[in-house]
Amino acid sequence: MIKLYQFARTWGIPNLSSFCVKVETYLRINKLPYEIVETLPLKAPRGKLPFIDDDGRKVSDSRLIVNYLKSAYGDNDAALLSLEQQGIAKAYERLLEEHLYWGCMVSRWNYTEENWQTNKQAIFGGLPPVICDVVAAITRRKFKAQIIGHGIGRLTHEELFELGKEDIDSLANFLGDKPYFMGDKPTSLDASAYGILVNALGCPIKSPLKDHALTKQNLMDYCRRMQAEFFPELSWEG
Ligand SMILES: N[C@@H](CCC(=O)N[C@@H](CS)C(=O)NCC(=O)O)C(=O)O
């Protein structure tokens with residue numbers, strides 16, 4: 001049985017980590033049985049979540065996990081999508097994970113004090129109080145450095161949120177009135193898109209990105225649909 005190591009569930013969405021949502025959604029789309037092990041990144045092979053253990057084979061990084069699952073259990077995307085569509089799906093996946101994700105990271109780790117406290121409580125709230133404060137402060141310093149290192153942290157909040165809104169516009173326009181990003185059937189792009197979008201618009205982190213995403217009715221409906229289909233047990237109502 002595949003073991004999926006990820007953060008504890010919170011906020012009524014599958015996970016506060018977009019990448020953990022992505023892998024769990026991929027498993028559910030493809031009906032692959034798994035069990036969840038709740039943990040923190042300190043214990044992860046690359047210091048980040050999610051990772052999986054498939055009968056002793058550990059794989060980390062959601063992109064490599066999906067590639068591994070495709071090679072071990074079948075590649076539904078290749079069966080559903082033309083090469084051109086696969087190219088488009090890959091480009092959108094990268095937009096979501098390598099650009100929009102970082103705007104969301106700034107909202108959580110380096111924007112308002114209110115957001116930081118909400119984020120801190122959700123991630124570290126289960127630790128004893130003093131340890132919680134110390135680990136949260138160390139992790140926040142690391143994330144601020146990552147945000148600067150990525151480059152997005154060198155922009156003003158106004159500038160970077162404007163760029164994030166462009167991503168959201170592009171996603172809303174591309175989804176249009178399709179049920180899933182690549183058409184009538186869910187693909188691995190939906191695992192990635194749902195992971196980022198439900199975190200952008202469905203969690204209690206306030207930002208201009210969230211406000212903008214909430215104006216996109218099709219993205220809201222998409223997240224509701226994905227949750228109803230793949231995570232009906234969860235309480236987020238949108
Ligand atoms: N590229 C990685 C990104 C994973 C990632 O950034 N995970 C975050 C949570 S969303 C994490 O565990 N960060 C902990 C850290 O950097 O200390 C993937 O696709 O899995």
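Trainee: Which side chain meets that of E93 in a salt bridge at 3.3 Å, N to O?

Mentor: Ground rules first: this is a predicted model, where local features need pLDDT of at least 70, side-chain atom pairs count only at pLDDT 80 or more, and totals for chains, interfaces and linings use all residues. Residues are numbered from 1 along each chain as its sequence is written, and side-chain values use heavy atoms, leaving out hydrogens and water. A salt bridge here is a side-chain nitrogen of Lys or Arg within 4 Å of a carboxyl oxygen of Asp or Glu. On that basis, the partner of E93 at 3.3 Å is R94.

Trainee: What is the N to O distance in the salt bridge of K90 and E93?

Mentor: Both residues lie in helix α4, three residues apart, about one turn of the helix. Helices are DSSP runs (H or I, at least four residues), as are strands (E, at least two), numbered from the N terminus. The side chains of K90 and E93 meet at 4.0 Å.

Trainee: Is E93 buried or exposed?

Mentor: The cut-offs are under 20% relative accessible area for buried, over 50% for exposed, and partly exposed in between (1.4 Å probe, protein chains only). K90 is partly exposed at 36%, and R94 is partly exposed at 37%. E93 has a relative accessible area of 6%, so it counts as buried.

Trainee: Which residues are linked in a network of salt bridges?

Mentor: Side chains of opposite charge can pair when their charged atoms come close. The structure holds 17 salt bridges. The linked residues are K22, K90, E93, R94 and E97.

Trainee: What is the radius of gyration of the protein?

Mentor: The protein has ten helices and four strands. For 238 residues the globule rule gives 18 Å, and the protein comes close to that, so it is as compact as a globular protein of that length. The value is taken over C-alpha atoms, and the rule is 2.2 Å times the number of residues to the power 0.38. The radius of gyration is 17 Å.

Trainee: What share of the contacts between residues at least 6 apart in sequence join residues at least 24 apart?

Mentor: A contact means heavy atoms within 4.5 Å. Counting those between residues at least 6 apart, the share joining residues at least 24 apart is 71%.
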